[in-house]
Amino acid sequence: MVGEKWALPAIREMGFGNHRFDVIARNTGAPRDILTTRLRALEAAGVLERRRYQERPPRFEYHLTARGRDLAPVLQTLAAWGDRWLTDEPPVDFRHGDHPFDPALMCRGCGEEVAPGSVHVHVRAPGWDLAGPVE
């Protein structure tokens, strides 16, 4: 769902406070027909909701639901990765109170910061292992 092209940029825009279709389209560069399809799919999945802001003609804004707002850490972590590896000057600055926001992944079970390579996968789906379906 969120891996489809234009889904995360649209969610990013709503997180930035941009709720109108024209602004989302402009800031993402998404073709209007494809953006419409993505927004409808995200609405059907409960990631966003449409809210009417004008009766005649009917006009709507797009707002993140709790499910959509829960994607904020994903977007902030992706932005931090891009700031570290892809640019000398970040295009936006996330703030936490009065200081720059430096996201970290923490384990709620032990309270430690999770280092790359320290998490291991345990497959729970019947008939599957790490390589895929078991024959």
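**View A. A polar contact between Ala 25 and Thr 28 in the predicted model.** The backbone oxygen of Ala 25 lies 3.4 Å from a polar atom of the Thr 28 side chain. This is a view of a predicted model, as are the other views below. Thr 28 belongs to helix H2, which covers residues 21–28. With a relative accessibility of 12%, Thr 28 counts as buried, because the limit for buried is under 20%. Apart from neighbours within four places in sequence, Thr 28 is in contact with Trp 6, Pro 9, Ala 10, Arg 12 and Glu 13.

**View B. Trp 6, in the segment before helix H1.** Trp 6 is found in the segment that precedes H1. Its phi is near 85°, which is a positive value in a residue other than glycine. Trp 6 has a relative accessible area of 16% and is therefore buried. Trp 6 is also among the residues in contact with Thr 28 of the previous view.

**View C. The buried residues of helix H1 and what covers them.** Helix H1 runs over residues 7–15, and its buried residues are Ala 7, Leu 8, Ala 10, Ile 11, Glu 13 and Met 14. An α-helix has 3.6 residues a turn, so residues three or four places apart point the same way. The cover over the buried residues of H1 includes helices H2 and H3, strands E1 (48–54) and E2, and helices H4 (66–69) and H5 (72–85). After H1 comes Gly 17, with a positive phi near 100°.

**View D. The crossing of helices H2 and H3.** Helix H3 spans residues 32–44, and its axis comes within 11 Å of the axis of H2, with a crossing angle of roughly 115°. The two helices are therefore roughly perpendicular to each other. Their crossing is right-handed. On the H2 side the contact is made by Phe 21, Asp 22, Ile 24 and Ala 25, and on the H3 side by Arg 32, Leu 35, Thr 36 and Leu 39. Sorted by class, the residues of this contact are 5 nonpolar, 1 polar and 2 charged. Ala 25, one of the H2 residues in this contact, is the residue whose backbone oxygen lies 3.4 Å from the side chain of Thr 28.

**View E. The cis peptide bond at Pro 57.** The peptide bond that leads from Arg 56 to Pro 57 is cis, and its omega is near -15°. Pro 57 sits in the loop between strands E1 and E2.

**View F. Phe 60 on strand E2.** Strand E2 consists of residues 59–64, and Phe 60 lies in this strand. The relative accessible area of Phe 60 is 23%, so Phe 60 is partly exposed. The C-alpha atom of Phe 60 is separated by 8.6 Å from that of His 19, a residue 41 places away along the chain.

**View G. Thr 65, in the loop between strand E2 and helix H4.** Thr 65 is found in the loop that lies between E2 and H4. Thr 65 has a relative accessible area of 17% and is therefore buried. Setting aside neighbours within four places in sequence, Thr 65 is in contact with Gly 46, Val 47, Leu 48 and Glu 49.

Terms used. Residues numbered from 1 in each chain as written. Predicted model: local features only at pLDDT ≥ 70, side-chain atom pairs only at ≥ 80, totals over all residues. Heavy atoms only, no water. Helix = DSSP H or I, 4+ residues; strand = E, 2+ residues; numbered from the N terminus. Buried < 20%, exposed > 50% of the residue type's maximum accessible area, 1.4 Å probe, protein only. Polar contact = N/O pair within 3.5 Å; in protein donor to acceptor, adjacent residues only side chain to side chain. Contact = heavy atoms within 4.5 Å. Axes fitted to C-alpha atoms, helices over the stretch in contact; angles between N-to-C directions. Parallel < 35°, antiparallel > 145°, perpendicular 65-115°, else oblique. Left-handed = near helix turned anticlockwise from the far one by under 90°. Nonpolar A, V, L, I, M, F, W, Y, C, P; charged D, E, K, R; others polar.
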